[in-house]
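Reader: Hi! Could you walk me through this one? I'd like to start with the overall layout and then look at the charges.

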Amino acid sequence: QRRVMGGDSPQTPLPGQLNEDILAKMTPSEALTALLTSAQADHRKCVTKALIEKEDAVDKCSLTWGNVLLRYQQFGSYRAPFDDEVAEKAYHKFWTKKRQTAADNAAF
């Protein structure tokens with residue numbers, strides 16, 4: 001359990017909320033998608049609550065919007081690692097030492 005900044009009580013995740021254990025079991029792209037979806041849901045809840053209470057949603061929900069923006073930027077900039085095992089195997093199978101030597105000695 002995490003500790004809330006400035007407080008002594010542990011912060012327990014609410015049902016349906018993401019926690020570090022759940023995120024650790026996901027692939028990076030799944031975790032980024034889940035974090036973005038969660039941030040969007042939090043922002044929608046904040047805006048809905050502000051509108052019901054007749055408050056300014058822009059002022060009240062700027063932090064949740066910032067979180068959505070941050071998560072969207074993280075999601076957009078992430079690139080999954082390129083898996084080139086198959087390509088490397090085919091390359092090494094084709095380019096044997098004998099073939100490399102022959103190619104190096106061949107006239108252009």
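This is a predicted model: local features need pLDDT of at least 70, side-chain atom pairs count only at pLDDT 80 or more; totals for chains, interfaces and linings use all residues.

Reader: Nice. What pattern does the chain follow along the sequence?

Author: Read that way, the pattern is β-β-α-α-α-α-α-α.

Reader: And how much of the chain is buried?

Author: Buried residues make up 11% of the 108 residues. The accessible surface comes to about 9,300 Å², and carbon and sulfur atoms hold 59% of that.

Reader: Switching to charges: how many salt bridges are there in the whole structure?

Author: The search finds two. Lys60 pairs with Glu53, where the closest N and O atoms are 3.2 Å apart. Lys60 also pairs with Glu55, at 3.0 Å. Together, Glu53, Glu55 and Lys60 are linked in a network.

Reader: Why does Lys60 count as partly exposed?

Author: Its relative accessible area is 34%, and partly exposed covers the range between under 20% for buried and over 50% for exposed. Glu53, at 38%, is partly exposed too, and so is Glu55, at 37%.

Reader: Great. Which residues form the negative surface patch?

Author: That patch is formed by Asp83, Asp84, Glu85 and Glu88.

Reader: Where does Asp84 lie?

Author: Asp84 is in the loop between helix H4 (62–77) and helix H5 (85–94). Asp84 is partly exposed, with a relative accessible area of 30%.

How values were computed:
Residues are numbered from 1 along each chain as its sequence is written. Side-chain values use heavy atoms; hydrogens and water are left out. Patches are made of residues with over 30% relative accessible area and no salt bridge: like charges are joined within 9 Å, nonpolar side chains (Val, Leu, Ile, Met, Phe, Trp, Tyr) within 5 Å. Accessible areas come from the Shrake-Rupley method with a 1.4 Å probe; for residues, only the protein chains shown count as cover. A salt bridge is a side-chain nitrogen of Lys or Arg within 4 Å of a carboxyl oxygen of Asp or Glu. Lys and Arg count as positive and Asp and Glu as negative; His and the chain ends are not counted. The place of a charge is taken as NZ of Lys, CZ of Arg, CG of Asp or CD of Glu. Helices (H or I, at least four residues) and strands (E, at least two) are DSSP runs, numbered from the N terminus. Buried means under 20% relative accessible area, exposed over 50%, partly exposed in between (1.4 Å probe, protein chains only).
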